[in-house]
Amino acid sequence: MNQFNAERVKNDCVRWIRDFFDENGRGCNAVIGISGGKDSSVVAALCVEALGRDRVIGVLMPCGEQSDIDMAKLLVAHLRIRHYIINIKDAVDGVTKNIPFELSKQSRENLPARIRMATLYAVSQSHNGRVANTCNLSEDWVGYSTRYGDNAGDFSPCSHLTVQEVKAIGRLLGLPEELVEKPPTDGLCGKTDEDNLGFTYLELDRYIREGVIDDPVKKENIDRRHRLNLFKLQLMPSFDPEL
């Protein structure tokens, strides 16, 4: 993989976050959904370096029982940031039981992510905040995010960084290794993201940055997912009457 200068990119990103807040909310707080994975951990750590820990708020949002919530607690303890634990299960159940038809599998899987984003905005608007998007380039490339769920937000520090690059910055920021290397999961089916995707993030990142992949079946899988999910990366189409 091409040489990645983690220190330069980290420093540039910290300055970018400061500039964003200077222009879009001087004195506001960064509000971040904390899952315990590398992406939210790195985004939170970047915001702490950019703004100071007093202006960073973590929000932990289990849906009932969350088996790995201790990882999220480890992160907020490591960064010593203010945080809230808000269980979204009642909200998910309330919406689900009041819909007068059987939700599709995809709807059931995406609903918690969208309720989490609504929760983040509720916290943000009550704490003079701006919501951080925690997606990375690799997941966005193949559509492994929920539209108006985890791919929403007010500013996005890592959406142009691959998984390997995010990890490199996480190590530079001094995050615990178990947070940097925690296998990403959707928390629903018991499988890792890579199990569900059918390729590793290392393979995907190499393909994104170098255009190289050894397995033609995996190449077609990545290309198909990218084509199908391009709409998630674009602004909402809007009609222009050209008046």
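Colleague: Let's start with the second largest pocket. How do the residues of its lining divide into nonpolar, polar and charged?
Modeller: There are five nonpolar, six polar and three charged residues in that lining. Keep in mind that this is a predicted model.
Colleague: What volume does the second largest pocket have?
Modeller: About 270 Å³.
Colleague: And which of the lining residues are the closest to its centre?
Modeller: The pocket is lined by 14 residues, and the closest to the centre are Asn133, Asp140, Asn151, Ser156 and Ser159.

Colleague: New topic: rings. How many aromatic pairs are there?
Modeller: The count is four aromatic pairs. One of them joins tryptophan 16 and phenylalanine 20.
Colleague: How is a pair of aromatic rings described?
Modeller: By the distance of the centres and the angle of the planes. For tryptophan 16 and phenylalanine 20, the centres are 6.3 Å apart and the planes make 25 degrees. That pair is stacked.
Colleague: Where do tryptophan 16 and phenylalanine 20 lie?
Modeller: Both are in helix α1, which covers residues 6–24. They are four residues apart, about one turn of the helix.
Colleague: Is phenylalanine 20 buried or exposed?
Modeller: Buried, because its relative accessibility is 13% and the cut-off for buried is under 20%. Tryptophan 16 has 39%, so it counts as partly exposed.
Colleague: What about the rings of phenylalanine 20 and phenylalanine 21?
Modeller: Their centres are 5.3 Å apart and their planes stand at 85 degrees, so that pair is edge-to-face. Phenylalanine 21 is buried, and phenylalanine 20 is too.
Colleague: Which residues form the aromatic cluster?
Modeller: Trp16, Phe20, Phe21 and Phe155 form one cluster.
Colleague: What lies over the face of tyrosine 201?
Modeller: Lysine 38 does, at 5.8 Å from the ring centre.

Colleague: Is cysteine 28 buried or exposed?
Modeller: Buried, because its relative accessibility is 4%.
Colleague: And cysteine 158, which cysteine has the nearest sulfur there?
Modeller: Cysteine 13, with its sulfur 5.8 Å away. Cysteine 158 is in no disulfide.
Colleague: Why is that pair no disulfide?
Modeller: Because a disulfide needs the two sulfur atoms within 2.5 Å, and here the distance is 5.8 Å.

Technical notes:
Residues numbered from 1 in each chain as written. Predicted model: local features only at pLDDT ≥ 70, side-chain atom pairs only at ≥ 80, totals over all residues. Heavy atoms only, no water. Phe/Tyr/Trp six-rings, centres within 6.5 Å; stacked < 30°, edge-to-face > 60°. Helix = DSSP H or I, 4+ residues; strand = E, 2+ residues; numbered from the N terminus. Buried < 20%, exposed > 50% of the residue type's maximum accessible area, 1.4 Å probe, protein only. Lys NZ or Arg CZ within 6 Å of the ring centre and 35° of its normal. 1 Å grid on protein atoms, 1.4 Å probe; cavity = no way out; pocket = protein on both sides within 12 Å on 5 of 7 lines; lining within 4 Å. Points joined across faces, edges and corners; volume = space filled by probe spheres on them. Nonpolar A, V, L, I, M, F, W, Y, C, P; charged D, E, K, R; others polar.
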